[in-house]
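Please examine the sequence and the structure below.

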Amino acid sequence: MKVLTVNLGRPTPSAHSDATDGLTGIGKQPSDVPVRVTDPGPKGSGGSGLAGDAVCDLRHHGGTDQAVYAYAREELDAWEKQLGRPLPNGAFGENLTTLGLSVSHARIGERWRIGDELVLEVTSGRIPCRTFAGHLGERGWVKRFTREGATGAYLRVVEPGTIRSGDPVEVVHVPDHDITAALEFRATTTERELLPRLLDAGDALHTETLRAARAYIAKQSPAS
């Protein structure tokens, strides 16, 4: 298991960006130098966890629980066959393109050590947005990506470190539950009746998902 490439994006104008300045950092390219990864701070003020990577809409992207986005090369290969076009590493706006790692089916709270220092923890799947659809230029992309459910995974930084393309990945902790990034994605999008199950993942959940699950349960419970 390894990171094939570490991918960084620069601010680029886009007609599909929801950022107030019309910029997006979704178009990411592999870095040929080591990249420092740290906790960027709370969503709304913190951006990407990777030094030199742009997050242009802080309302919806970046922050502690979405510090890093990973996507498996194997899933990009599957999409290439479906779409009939090449998808280079970074094509989905992922920071890490991995090989040999089950990313969409990683469990919430699962921890990966990358290289000698960095430790990341899975928090959620990725919900597709208008910018993602515009970036790919595929008609009906949001619905198609949602239906497929190959979400990749957002991660928070547990231990900061410097990484580079080709670094090995070691899964150092697997939680004792069955809540995966893909299941979390289904629960927060098309199958909200699954939200109560997510609480099995506890505080490892993305903060917004944890709040949504608790609110759903409270709404379903009869008033005492």
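Eight strands form an open sheet with mixed pairing, in the order E4-E1-E7-E6-E10-E9-E8-E12. Strands here are DSSP E runs of at least two residues and helices are H or I runs of at least four, numbered from the N terminus; two strands pair if DSSP finds at least two bridges between them. At the edges lie E4 (28-30) and E12 (169-173), each of which pairs on one side only. This is a predicted model, in which local features need pLDDT of at least 70 and side-chain atom pairs count only at pLDDT 80 or more, while totals for chains, interfaces and linings use all residues. Residues are numbered from 1 along each chain as its sequence is written, and side-chain values use heavy atoms, with hydrogens and water left out.

Strand E8 (residues 111-114) pairs with E12 in the antiparallel sense over four bridges. Trp112 has Val171 of E12 as its bridge partner.

Trp112 is also among the members of the largest nonpolar core, of 37 residues, that touch the most other members, together with Val68, Leu96, Ile114, Leu120 and Val122. Such a core is a set of buried Ala, Val, Leu, Ile, Met, Phe, Trp, Tyr and Cys residues joined through side-chain atoms within 4.5 Å; buried means under 20% relative accessible area, exposed over 50%, and partly exposed in between (1.4 Å probe, protein chains only). Apart from it lies another core of 17 residues, including Ile26 and Tyr71.

In helix H6 (residues 207-220), Thr209, Leu210 and Ala213 are buried. The face turned away from this buried side carries the exposed Arg211, Ala218 and Lys219.
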